[in-house]
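Open the structure in your viewer and keep the selection tool at hand. This tour goes stop by stop, with something to select at each one.

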Amino acid sequence: MLKEMQEALIAGKKADVESLVDRALAAGLPAARILNEGLIPGMERLGVLFKNNEVFIPEVLVAARAMNAGLGKLEPHLAKAGVQPRGIVVIGTVKGDLHDIGKNLVAMMLRGNGYKIVDLGVDVAPERYLEAAKANGAGAIAISALLTTTMVQMKNVVDAVEAAGLGIPVVIGGAPVTRDYANQIRARGFAPDAASAVEEIGRLIAA
Amino acid sequence: MTSRELVIDALEFRSPERIPRQLWVLPWAERTWPTELAAIREKYPDDIVQSPAFLAKPLRTTGSEHEPGVYVDEWGCRFENVQGGIIGEVKEPRIAAWSDIDGLRLPEERLSVDVRKVDDFCAASGAFVHARTVVRPFELVQFLRGPENLYMDLAERSDGLFRLIEKVHRFFLAELELWASTDVDALFFADDWGSQNSLLISPDLWREVFKPLYRDYADIAHKHGKYIFMHSDGHIAAIFPDIIEIGVDAVNSQVFCMDVEELGRRFAGNVTFWGEVDRQHLLPYGTPGDIRAAVGRLGRAFDRRGGVIAQCEFGIGARPENVAAVFENWNRWPGL
């Protein structure tokens with residue numbers, strides 16, 4: 001049944017995912033097992049397919065919608081069982097930049113991989129990342145920029161995190177952003193696409 | 001030899017005397033580097049120009065497209081902007097429900113072109129003249145539906161989406177037919193299809209839904225003896241063969257997102273590479289020496305006794321000395 005759930009998730013079949021989660025719960029499977037052996041592996045497989053250009057944004061979005069529907073069914077049971085998220089990630093697009101498709105894609109894939117997301121939206125000032133990270137006990141901050149003129153704002157976020165002694169990684173991404181740029185501004189993480197962002201954040205939070 | 005003849009020689013692979021050129025300028029550059037931009041324009045005048053629209057009826061828009069604040073375009077799409085000099089982002093879809101399609105007003109003012117004035121402009125210009133169209137079916141439906149809705153509509157092959165595409169496509173066909181009846185040299189369509197490293201949707205889905213639209217546009221151009229030019233941002237290598245197959249004469253794409261040499265090996269000689277030079281890294285952060293190397297790379301990859309137009313965008317962040325170096329080095333090609 002959990003394998004079937006993965007397939008339904010990858011195919012973006014929301015109603016099937018919901019019904020399979022219901023059936024799994026009714027069969028007495030623990031919510032954590034449904035999450036960790038059904039939904040999350042489905043999203044992980046989807047991430048690999050996305051990275052390999054075997055699926056594209058439309059397929060990822062319908063899969064994320066199916067994932068959210070499944071999670072909606074599971075969440076009360078997870079809360080009851082005291083299951084914690086893999087980590088908490090504060091995410092947003094930098095100050096001066098209103099572009100959010102890439103940022104939303106990363107947020108959806110992180111959520112689908114078991115992370116709690118604090119989405120600050122677009123045009124986010126450095127101090128807001130800091131406040132949200134402190135208030136939520138975040139394990140990482142993820143920031144996105146589409147424009148060459150706004151990506152320079154990323155350095156302000158990294159500097160603010162360092163100055164505050166927060167000690168959590170900042171992961172950056174977006175069309176003009178490169179690994180070299182991440183190194184130059186001392187961002188600890190860089191991801192060229194949404195699936196890589198999940199891997200990079202997982203690696204940094206686990207480190 | 002006129003600019004127009006130069007461009008046609010490039011498009012027809014007839015060994016143009018020099019590589020023809022065109023500079024694209026975003027309002028940001030006009031505000032930030034007015035003196036430098038004027039000098040570049042004087043030293044390297046465009047061989048390709050766009051005809052004014054000469055609309056008898058003004059477009060129904062509100063606000064300013066490139067200013068902070070809200071701009072509503074002629075389709076009713078509402079753009080929000082926080083940075084002057086560039087266009088904003090649509091945050092609220094105009095077509096929230098499919099029933100909204102019936103109430104979608106077509107911008108008929110776009111069809112009020114004064115053909116005689118366009119023809120007079122073409123006659124007076126020694127340049128190769130592009131039509132003043134804004135034909136972009138994918139981007140327009142993205143603006144109308146909102147990006148996330150649109151991608152899910154595509155995944156689900158929603159009937160409503162096809163109704164919406166049909167409605168805007170019919171309008172674009174009328175607009176292109178109108179411009180094809182003028183004396184312009186080329187028609188033009190644009191949609192941004194690539195992310196940094198792949199197509200935004202699967203190539204198969206692109207072929208199923210969008211390729212037929214573009215084929216219609218290319219057919220209109222060729223039926224009237226015009227060239228057809230296309231622009232797309234991002235990594236579009238997967239659909240290059242399709243673009244060539246439908247008969248596009250010149251493609252403007254972010255070739256530096258892709259493998260320049262591989263593009264050259266596979267497609268040079270079959271289509272004209274209408275620019276560009278890397279505007280994400282080289283133009284803002286490179287040096288004139290980097291630009292010289294980049295132009296040499298492009299020339300070796302794409303020039304087949306034609307098939308190259310030296311285009312670049314003076315956009316956000318670009319350095320004026322790098323923009324000037326693009327044209328300076330293309331003028332020297334192949335002697336770099």
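This is a predicted model: local features need pLDDT of at least 70, side-chain atom pairs count only at pLDDT 80 or more; totals for chains, interfaces and linings use all residues.

**Stop 1**

Residues are numbered from 1 along each chain as its sequence is written, while chains are lettered from A and ligands numbered from 1 in the order in which they are written.

Now show strand S1 (residues 88-93) of chain A together with S2(A). The two run parallel and are joined by 4 bridges. Strands pair if DSSP finds at least two bridges between them. Helices (H or I, at least four residues) and strands (E, at least two) are DSSP runs, numbered from the N terminus.

Stay on strand S2 (residues 116-119) of chain A. Its covered face holds Ile117(A) and Asp119(A); Lys116(A) and Val118(A) are on the uncovered one. S1(A), H5(A) and S2(A) form a β-α-β unit, and the unit is right-handed (with the strands pointing away from the viewer, the path from the first strand over the helix to the second runs clockwise).

**Stop 2: where the chains meet**

Select the boundary between the chains. Here 21 residues of chain A are in contact with 22 residues of chain B (contact: C-beta atoms, placed from the backbone, within 7 Å). On the chain A side, helix H4 (57-80) and helix H5 (101-112) are the elements that give two or more residues. H4(A) gives the most, with 5 residues.

**Stop 3: a three-stranded sheet in chain B**

Move to chain B. Its strands S3-S4-S5, in that order, form an open antiparallel sheet. Strand S3 (69-72) and strand S5 (89-92) are the edges, each pairing on one side only. Select strand S4 (residues 78-81): 3 bridges join S4(B) to S5(B). Pick Glu80(B) and find Glu89(B) opposite, in S5(B).

**Stop 4: two packed helices**

Which helix packs against helix H13 (residues 288-302) of chain B? Select helix H14 (residues 320-332) of chain B: the axes are 9 Å apart, at an angle of about 35°. Axes are lines fitted to C-alpha atoms, for helices over the stretch in contact, and angles run from 0 to 180 degrees between N-to-C directions. Among the residues of H13(B) that meet H14(B) are Ile291(B) and Val295(B); Val326(B) and Trp330(B) are among those on the H14(B) side.

Terms used:
Two residues are in contact if their C-beta atoms, placed from the backbone, lie within 7 Å. A residue is buried if 20 or more other C-beta atoms lie within 10 Å of its own, exposed if 12 or fewer, and partly exposed in between; C-beta atoms are placed from the backbone.
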